[in-house]
Amino acid sequence: GGNMCLPVHECFVKLLNEWTHFGNVILPRDNMLSLAEDAIKAAEASSGGKPSFAEMWKYGGEAFAPVKAEYEKMLSIVPEPHLSQWKEKVGIDDANLSTISPPSEQAKEEKRQDDEAKGDSKVPEGEGKNDPEPMEVDKPEAIA
């Protein structure tokens with residue numbers, strides 16, 4: 001799903017960037033941002049919404065780097081407050097990004113909490129369960 005879409009997504013945003021070089025007559029900024037938002041929605045739909053655009057933005061790595069570079073190029077010409085508003089809409093503003101944690105870490109934490117709730121806290125093998133009871137040590141003051 002999503003990986004097949006990445007090159008198409010990159011080309012489309014690159015095309016938006018090319019059109020904006022001709023100025024506001026060919027592609028007004030509002031239309032550019034709207035088309036970019038539509039591209040994001042289409043990309044998310046093709047991947048079933050997982051990972052989201054914001055997750056790809058934050059954790060997409062090398063596979064997403066070319067797409068991200070095109071968006072960064074596009075956003076470099078967008079003035080405030082339009083830039084902040086658009087980033088918030090698509091979930092790549094600082095507030096939204098700070099709430100995203102890597103899916104693997106989040107899944108691990110949820111599993112740990114579930115196990116804890118069930119009382120299944122895993123003790124690494126060789127620790128705890130089969131250890132002999134601590135030996136009683138005679139205390140000199142106890143001997144009379």
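1. Let's start with the overall picture. Of the 144 residues in this chain, 27% count as buried. Please keep in mind as you read on that this is a predicted model.

2. The fold is simple to describe at the level of secondary structure. The chain holds seven helices and zero strands, so a walk from the N terminus reads α-α-α-α-α-α-α. Helix α2, residues 29-46, comes up in several of the points below.

3. How do α2 and α4 pack? Their axes lie 12 Å apart, at an angle of about 160°. Helix α4 covers residues 61-75. Angles over 145 degrees count as roughly antiparallel, and α2 and α4 are therefore roughly antiparallel to each other. The handedness of the α2 and α4 crossing is left-handed.

4. The axes of α2 and α5 come within 11 Å and cross at roughly 15°. That angle makes α2 roughly parallel to α5, because the cut-off for roughly parallel is under 35 degrees. Here the crossing is right-handed.

5. Now to the charged side chains. How many salt bridges does a search of the whole structure find? The search gives two. In one of them, the side chains of Lys41 and Glu37 meet, at 3.7 Å from N to O. Both residues belong to helix α2, and because they are four residues apart there, about one helical turn separates them.

6. The other partner to look at is Lys89, which forms a salt bridge with Glu37, with 3.7 Å between the closest N and O atoms. Through shared partners, the salt bridges join Glu37, Lys41 and Lys89 into one network.

7. Lys41, at 48% relative accessibility, counts as partly exposed. Lys89 counts as exposed, with a value of 62%, which is over the 50% cut-off.

8. Leu15, Trp19, Phe22, Val25 and Ile26 make a nonpolar surface patch of about 540 Å². One of its members, Ile26, is found in the loop between α1 (2-20) and α2 (29-46). Ile26 counts as exposed because its relative accessibility is 52%, and exposed means over 50%.

9. Finally, a residue further along the chain. Where is Asn96? Its place is in helix α6, residues 94-99. Asn96 has a relative accessible area of 30% and so is partly exposed. Asn96 and Glu55 are 41 residues apart in sequence, and their C-alpha atoms are 10.0 Å apart in space.

Terms used
Residues numbered from 1 in each chain as written. Predicted model: local features only at pLDDT ≥ 70, side-chain atom pairs only at ≥ 80, totals over all residues. Heavy atoms only, no water. Patch = residues over 30% accessible without salt bridge, like charges linked within 9 Å, V, L, I, M, F, W, Y side chains within 5 Å. Areas by Shrake-Rupley, 256 points an atom, 1.4 Å probe, with all protein chains shown as cover. Salt bridge = Lys/Arg side-chain N within 4 Å of Asp/Glu carboxyl O. Helix = DSSP H or I, 4+ residues; strand = E, 2+ residues; numbered from the N terminus. Buried < 20%, exposed > 50% of the residue type's maximum accessible area, 1.4 Å probe, protein only. Axes fitted to C-alpha atoms, helices over the stretch in contact; angles between N-to-C directions. Parallel < 35°, antiparallel > 145°, perpendicular 65-115°, else oblique. Left-handed = near helix turned anticlockwise from the far one by under 90°.
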